[in-house]
Amino acid sequence: MGNIARTDPLVVALRRLALACALALPALASAADPGGTFQPTHVSPTPDRSAGLQAFAQIERVLLHARCLNCHVPDGPLQGDAKRVHFPPVQRGVDGKGVPPLQCATCHATQNSPLAHAPPGLESDGQPGWHMPPAKMKMSWLGLSGPALCKVFRDPKTNGGRSLAMLEEHMVTDHLVAWGWQPGPGRELPPLAKPAFDEQVRVWIRNGAPCDTREPLRTSVGSTRAAADEAFLRNLRDIAGSGALANMTHVSPRSQP
Ligand code: HEC
Ligand code: HEC
């Protein structure tokens, strides 16, 4: 942008946009890998497609298990090992957190109950965190298998805008995914142990994250969430020059709801 006058209307508009984004950013940044320890798996220079496809078949067994599928559906959530319709028949709502008065948090607290058939619980930032994907990006796997499931799972347009690195990060570090292996009493565990599942994710990515036999293999995993946030910030700082956004990393953390 070097030779564009600073008063150019486009520049002014971009600055306003940048400032608006900057105010929204701390929430984004604090959602990143808290320990910052996650390292993405890179694609091998000599990927083995059939090893990758075999790994996805193992991943699929977990994705389609009740502990995962019950939230990854097109309509209201399912319940129990038999994947029956949730009782009472709650709705997703726009944000995946239900429709008042039956928001998920009305019944799903911050912890699992010690009683069988009580609602499972989960904590996010000190609040009840149990919810399903939002209406605009349902991330539904119901009725899918093989390449069709793999595509929905891998494509950023249907997986919540995730690169392969973010997908791996989500599966390895996300507490909602981890809940699947600590589901409370009376609920079956997924068919693979968590470390074995994480390993299959790495094998799949190392071998080009294949989905079927025709598509080209992936050569790059893209960025992690933290790296994407950092690049986004850098971009905003470049647009804003040394002015308004120079101190934006000091914007106070998101306010309490
Ligand atoms: C309580 C509901 C719930 C359960 C149970 C659940 N998820 Fe999710 N899952 C979500 C929500 C909500 C999102 C969207 C998160 C976001 O994008 O902010 C999501 C997103 C994902 C994504 C990224 C989207 C995609 O399609 O690739 C993956 C992968 C995923 N979950 C894996 C799992 C796995 C594996 C399990 C089981 C071990 C599981 N989930 C169980 C609610 C759930
Ligand atoms: C009126 C109370 C209530 C509300 C509101 C509620 N749930 Fe539940 N939910 C339950 C109960 C009780 C169970 C456990 C049923 C059992 O184990 O037999 C449960 C179980 C589940 C399960 C099954 C977990 C598993 O792996 O078997 C999912 C998924 C789920 N709820 C999602 C949601 C979502 C998403 C919302 C909000 C959109 C929600 N629930 C709102 C009471 C509720």
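In this predicted model, four helices each supply at least two residues of the shell around ligand 1: helix 2 (49-63), helix 3, helix 6 (164-173) and helix 7 (175-179). Helix 6 gives the most, with 3 residues. The shell around ligand 1 holds 24 residues, of which Cys68, Cys71, Asn159, Gly160 and Gly180 come nearest. By class, 14 residues of this shell are nonpolar, 8 are polar and 2 are charged.

The second ligand was examined in the same terms. Ligand 2 is surrounded by 25 residues. Asn70, Pro77, Gly98, Cys104 and Cys107 are the closest. Two elements give two or more residues to this shell, namely helix 3 (66-69) and helix 4 (104-107). Helix 4 gives the most to the shell around ligand 2, with 3 residues. The class breakdown here is 13 nonpolar, 9 polar and 3 charged residues.

Model confidence was considered next. The protein averages a pLDDT of 86, and 80% of the residues score at least 70. Over residues 21-33, the pLDDT is below 50. Where pLDDT is low, predicted coordinates should not be read in detail.

Definitions and conventions: Residues numbered from 1 in each chain as written. Chains lettered and ligands numbered in written order. Predicted model: local features only at pLDDT ≥ 70, side-chain atom pairs only at ≥ 80, totals over all residues. pLDDT = per-residue confidence, 0-100. Contact = placed C-beta atoms within 7 Å. Near = placed C-beta within 6 Å. Nonpolar A, V, L, I, M, F, W, Y, C, P; charged D, E, K, R; others polar.
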